[in-house]
Amino acid sequence: MSQSKTAGPAPEEQTAEEEQPRSPREIRLVMVGLVVTMLLAMLDNLIVGTAMPTIVGDLGGAEHLSWVVTSYTLATAASTPIWGKLGDLYGRKGTFLTSIVIFLVGSALSGLSQNMNELIGFRALQGLGAGGLMVGVMSIMGALVPPRDRGKYQGMFAAVMALATIGGPLIGGFITDHLSWHWTFYINLPLGVVALAVVVVTLKLPKVRNTARIDYLGALLLTTGIVSLTLITTWGGQQYAWGSKQILGLAALSAASLIAFCYVEQRVQEPMLPLSLFKNLNFTLVSIIGFIVGFVMFGSTVFLPLYQQIVQGASATNSGLLLMPMMFGMLVVSLVVGQAVTKTGKYRIYPIIGTVVMTGGMVLLSTMGTGTSSFTSACWMVVLGAGMGFLMQITMLVAQNSVELKDVGVASSTATLFRTIGGSFGVALFGALFNNRVTETMKERLGEQATAGGGGVKDPGQMSPAALRKLPDTIQDAYHHAVSNGLHTVFLWGAAAAVIAIAAAVFLREVPLRGVGTGKEDKAAEASLEAAAI
């Protein structure tokens, strides 16, 4: 393990890059570019998802529809840790700009696609660049702003997250209806050019020279393991049965790749993901919390618009507004917590409160039924959003504060990766639970009618509100109860997973946040960082 500490930029180089005090004006200017880039990363899938029916109608190849999303997701997940490490080795500015350029090239080519195969390939290229966007934003933030002051900017990123979640589907629908689906990709270009220009002009980081060799074998093994895991969560229970030879084969490949990766990382000079990071208790715990936040957030909230449209009769046109209460709770709490952390330098209590509130929100949402009002469901969504507001930025803050400055990039990418994989697992697992519960409820209420003349009720993803309204009242009522029961199951399992996050949060240690300079507070932080190692 000692070998992994011998390579890399000299300590004074990293200190010059990452501890140099920045003026508030300089930070604000750079934040413009970072915020626009984060908006790019978060808007893309939400906008494209709205346009997919039109894209399929134009290009054909409906059987390949899932791969338009899967290729993007695979490339993003696989490249995320690699971008983080490249930033640590060769400088954050250069790798960040490169990822933006790749993303924009992929966006332009996707918009020019003439068939589904081209679109799938260009979406993979786009995803390759997307893997570096979020990591670049977080690692540059970690380089410019010391953890003690980072809370001031948390609200800005939370606002972008809320704006993307609400605005993405609305923008996608508007573009598809009034322009063409090609512009769902072209819209990235002006935003990306603005981000590039701002970052090039305003971001000043000393060049990092490094002679260490890239860990190509580690990158290959990690990519293989991540891709296999993502395919399992994408295909399992959908395209292939969980016990099929395809899924079992992918599971074996993933396990073998990740075991070999751990073996290699302990022996190379400059590991792609230093396993020594996990010797730090706080880093390990926030990785677990981040995984569960992704698991709960992406795995459960995907079903809320379905419930509100099918059971509560909300308009599909306004689907982007359906999650606004949750985003509002997340934004407000994130702003308050960010200011509190900056003022006090204390953070341990917030993950504990956040995981408890998140669990409570999941339990409350599990109580929703066919008679639940929109106001009541909105209140429960605010509770869930508030819980996530305590956690979304704090987990990244603790992860970055738990490692040496030279590893901020790989810490950021690892935290992002755990959240992404958690989301993939959540979507797959909750999707299977939801579908099974819907099917069981339909059979209980309708018997043979559930499959005879049900118009595809066995697949809730294909039952639109318009199609449901054409069915007999008995089938509509049964389907309303089925969706409510499916949602009940999903949120109860989500609450059970969130309890694990509570346990992890309780064991976090209060390590002083690094401030600007090398005063007593920073030295205390470094001493506490060493003491926090397992």
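Let's start with a word that comes up throughout: a residue is buried when its relative accessible area is under 20%, exposed when that area is over 50%, and partly exposed in between (1.4 Å probe, protein chains only). Phe283, for instance, is buried, with a relative accessible area of 1%.

Some ground rules first. This is a predicted model, with local features needing pLDDT of at least 70 and side-chain atom pairs counting only at pLDDT 80 or more, while totals for chains, interfaces and linings use all residues. Residues are numbered from 1 along each chain as its sequence is written, and side-chain values use heavy atoms, leaving out hydrogens and water.

Now the overall picture. The chain has 20 helices and 0 strands; both are DSSP runs numbered from the N terminus, where helices are H or I with at least four residues and strands are E with at least two. Of the 534 residues in the chain, 55% are buried. Take contact to mean heavy atoms within 4.5 Å: among the chain's contacts with a separation of 6 or more, 82% are between residues 24 or more positions apart. The accessible surface comes to about 21,500 Å², and carbon and sulfur atoms own 66% of that (areas come from the Shrake-Rupley method with a 1.4 Å probe, and for residues only the protein chains shown count as cover).

For another pair, look at Val105 in helix H4 (residues 92-111). Val105 is partly exposed, at 39% relative accessibility, and its C-alpha lies 7.2 Å from that of Gln126, 21 residues apart in sequence.

On to the aromatics. Rings of Phe, Tyr and Trp (its six-membered ring) pair if their centres lie within 6.5 Å; planes under 30 degrees apart are stacked, over 60 edge-to-face, and the rest tilted. The structure holds 6 such pairs. One of them joins Phe278 and Phe283 edge-to-face, at 5.3 Å centre to centre with 70° between the planes. Phe278 is partly exposed, at 25% relative accessibility. Along with Phe418, Phe278 and Phe283 form one aromatic cluster.

Phe295 and Phe430 also pair: their ring centres are 4.9 Å apart and their planes are at 65°, so this pair is edge-to-face. Since Phe295 lies in helix H12 (residues 281-301) and Phe430 in helix H17, the pair ties together parts that are 135 residues apart in sequence.

Finally, the surface. Phe328, Val332, Leu335 and Val336 form a nonpolar patch there, with about 360 Å² of accessible area together. Patches take residues with over 30% relative accessible area and no salt bridge, joining like charges within 9 Å and nonpolar side chains (Val, Leu, Ile, Met, Phe, Trp, Tyr) within 5 Å. Val336, in helix H14 (residues 324-344), is exposed, with a relative accessible area of 53%.

Terms used:
Salt bridge = Lys/Arg side-chain N within 4 Å of Asp/Glu carboxyl O.
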